[in-house]
Amino acid sequence: MSPRLSTGKLRHLRRLIGWGWRSLAAGVALLLLIGAYLWFTTSLPTPEQLRERAALGNTRILDRHGQLLYALPDPLSGRQRPVSLDEIPLTLRQATIATEDADFYANPGVDLRGILRAAWINLRSGDIVTGGSTITQQLARNFLLDPQLAQQRSLERKLREAILAIKLTATYSKDEILALYLNQIYYGGMSYGVEAAAQHFFAKPVWELDLTEAALLTGLPQAPSHYDPFSNPTAAQARQHVVLAAMVREGCISPEQAATAQAEPLQFASADATMRAPHFVTSVLDALTAQLGPDTVLRGGLTITTTLDANLQDAAQETLRQHIAQLATQRDSEPDHQVHNGAVLVLDPTDGAILAMAGSPDFYDVSIQGQVNAALALRQPGSTLKPLTYAAALERGWTPATTILDVPKAFPTLDGRPYEPENYDRTFHGPLTLREALATSSNMAAVRTLHEIGLPALLEMAQRLGISSFNRDSGRYGLALTLGGGEVSLLELTAAYAVFANGGQRVTPYAIIAISDQQAALDRDPAQPRTPFLTRERHNAADRQALSPEIAYLITDILADRYARMRAFGTQSPLDLDRPAAAKTGTTSDWRDNWTIGYTPDRVVGVWAGNADGKPMRHISGIIGAGPVWHDVMLAAHRDLPPRRFERPEDIVELEICAEGGMLTSPTCPATRRERFIAGTQPTQPDTTHAAIPIDPILGCRAPAGYPAARTITRIYRILPPEAEAWAVAEGVPMAPREVCSFLAADRPAPNLEADQEISRPDNQANPSSSPLCPSAQCQVQPALIAPAPGAVFAVSPGIPRERQQLTLQAQAGSSAARVTISIDGETVATFTMPPYRAFWQLEPGRHRAQVEVEDKQGAIWRSEEVEFTVKHDP
């Protein structure tokens, strides 16, 4: 084939090239026409127009009843005044240029090369180190564009922004543009311009800022709410380091100067004391600013009606302040607990409305970092996460009567080191029902449960109930997550508990009811990402159902069970109210976080106590820390509300079961109680966890068939799994003997059972009647003290009031018992006429003897063997 093209093909190629050039020319012409249109329709506002737009009126924040919470100041008055470029420190100007627009003095207002370079730097650093827009473009977008257009992400906005930037560069000098930018950019805290920011954050004029302060301010405009040093000091400090690194990279300062600035502590200003509910108001303003833009919020003359109940807010704030002050005061009988901070949150569980939010005892106290909103900060939740674990277990077929072993166990971990959880009281309690495990907050039982159902079950449950903070790095969590080994905010966790209060339906916390004429701006574009914390999200019931009503009810029923939690909290607990209420406490093992979260059908209240700087507290628990705050805030929140019971779903059934083992009652079951189940999950088999075993009480062996009756008594033993036997031996729990008695041993003289056996026979029952199951009257009465175990040792903790440190006393008696009395050191503690035979005794240091006395239906008296135990002072 000839290398030359034929004449026809050549003409065709020329026509294609011609069409290509004409199309390109048409495209360029169209772009020029569009550019010309945008150029001539995008004009620089005059100074008079700027001032007129900025003076639309003050934005006002109201509570749900119309009470004024805060009126924003006039943006053109007071500390908002502009300053000349000469008054702004060189370090602040250099920091701004190095971070935002390194080629500021060289570019014509837009910088394609700078955009590409910023993208490369951000990609390499893994963080947004520098912006793609020039300083001039940012000025055009934030102050010269129409506020609604500035919030859009559209090509038109980008083009008009670029045109305004070019016009600004053509009209003003670079120094004038930089001065205008530094006087108009938003730094957070309702502060426009460097002078306002310097006064707001450091209470000093801008010309007095040093390098450390200038670097911190420079990093704020990129995300003022996220980098706010008052509410998020860690993020603000990290952003400051990014700014200093940019200054080193551009040659503005040396690495040594940057290191010195990083190490220098910052002294922040006190807050504006004219704000009511300051943590709530600042959170609302931050959320609105992110959604509508700072220009609209500050200069729009809005009237924002919020969900807050100002009177309840005042009561919650004062309650928190008083209790934290008491905890921080050393008294003769109690130590200084070294706790200086706390937070309170009140939600309506039916829709998520935030009724009260106190982020610290005193917003204006710099010494406790009072401006940090602890209601939104991430903290370790301790045991308050356990209800989520048990909710996940109930979804997998467990019931409140499921037995969980609270005995020592080592669990494997990814790093190869065994994980051996301990309980708060440093003792193990043997077999527990799920109800007892959750109500008494057993750590070992919670870890065993999570080990059985799997960590993903808890993570999925948390996400379903609205907790998103665990999603950030879910791979780092282990079994300790159920004990609070992750971080969550008080707002998230309180909202998760609202699911239990609301019959399993999830609600999203919200703070705003209406915004004058700007409500349409919030609802107009459903595709636009909505900032959390704003208006109420509306979903149908199916979308909101995060948990079945039955499981939500069972968790609530357990958390509201005063009797079940008595062993851990005593008979005088701050969790007990004048109405049905469910609650859970939590304390981290390092004493840095203390929680109480609880609810009724009408209100859910979350309380956190600790220190904003993360310092540990001393000798504190939920009973004396967050618990009393929760109790008093709950009373205030329900002041005008009648008591209501939690509604029981139709598919919940109730029946009598064996108190130990969770199965149906049987002749060998020593005590019974009533339990609630989801229909279809209730037990169907009689109890097999107890057995009546004939023994020789002197030799301690099983009596075989035909063994002399004079040497035989029958006792009821709990049959424990092999894993619990070591615990039972250590705690002195009676175990069924394994050795079978020898008939040779039976030839020895018969012992005096009246004096030697554990159960003494009364004089008027020398020849008691027998039953088919138990051939002696001892079995029908059989008094015994199940708890405490013989030789047990307990400790009085200095971190808990003495009146709330109580020991569980549990007795056993047969079916013929008419009256059961438990005594300690000869003094009666409690008397019962029906099971369960359980009492609580306030711990007193010393050695003690406990005994059970039973009067049977014939009037005979039977006494158990005495059990010795010791109570020590905790060192």
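1. Let's start with a helix pair: helix 10 and helix 11 sit roughly perpendicular to each other, because an angle of 65 to 115 degrees counts as that. Bear in mind that this is a predicted model. For this pair, the angle is about 105°, and the axes are 8 Å apart. To find them, look at residues 211-218 for helix 10 and 233-249 for helix 11.

2. Who does the touching here? On the helix 10 side you'll find L211, T212, A215, L216 and T218. Helix 11 answers with A236, Q240, V243, L244 and M247. Sorted by class, that contact has seven nonpolar residues, three polar ones and no charged ones.

3. Next, have a look at helix 16 (residues 386-395) and helix 23 (residues 549-559). Their axes come within 10 Å and cross at roughly 135°. That angle makes helix 16 oblique to helix 23, and the crossing is right-handed.

4. In this second pair, helix 16 brings P387, Y390, A391, L394 and E395 to the contact, while helix 23 supplies I551, L554, I555 and L559.

5. Zoom in on strand 17 (residues 690-696) and strand 19: they pair in the antiparallel sense over six bridges. If you want a spot to check in the viewer, A691 stands opposite Y717 of strand 19.

Conventions:
Residues are numbered from 1 along each chain as its sequence is written. This is a predicted model: local features need pLDDT of at least 70, side-chain atom pairs count only at pLDDT 80 or more; totals for chains, interfaces and linings use all residues. Side-chain values use heavy atoms; hydrogens and water are left out. Axes are lines fitted to C-alpha atoms, for helices over the stretch in contact, and angles run from 0 to 180 degrees between N-to-C directions. Helices (H or I, at least four residues) and strands (E, at least two) are DSSP runs, numbered from the N terminus. Angles under 35 degrees count as roughly parallel, over 145 as roughly antiparallel, 65 to 115 as roughly perpendicular and the rest as oblique. A crossing is left-handed if the near helix is turned anticlockwise from the far one by less than a right angle, and right-handed if clockwise. Contact means heavy atoms within 4.5 Å. Ala, Val, Leu, Ile, Met, Phe, Trp, Tyr, Cys and Pro count as nonpolar, Asp, Glu, Lys and Arg as charged, and the others, Gly among them, as polar. Two strands pair if DSSP finds at least two bridges between them.
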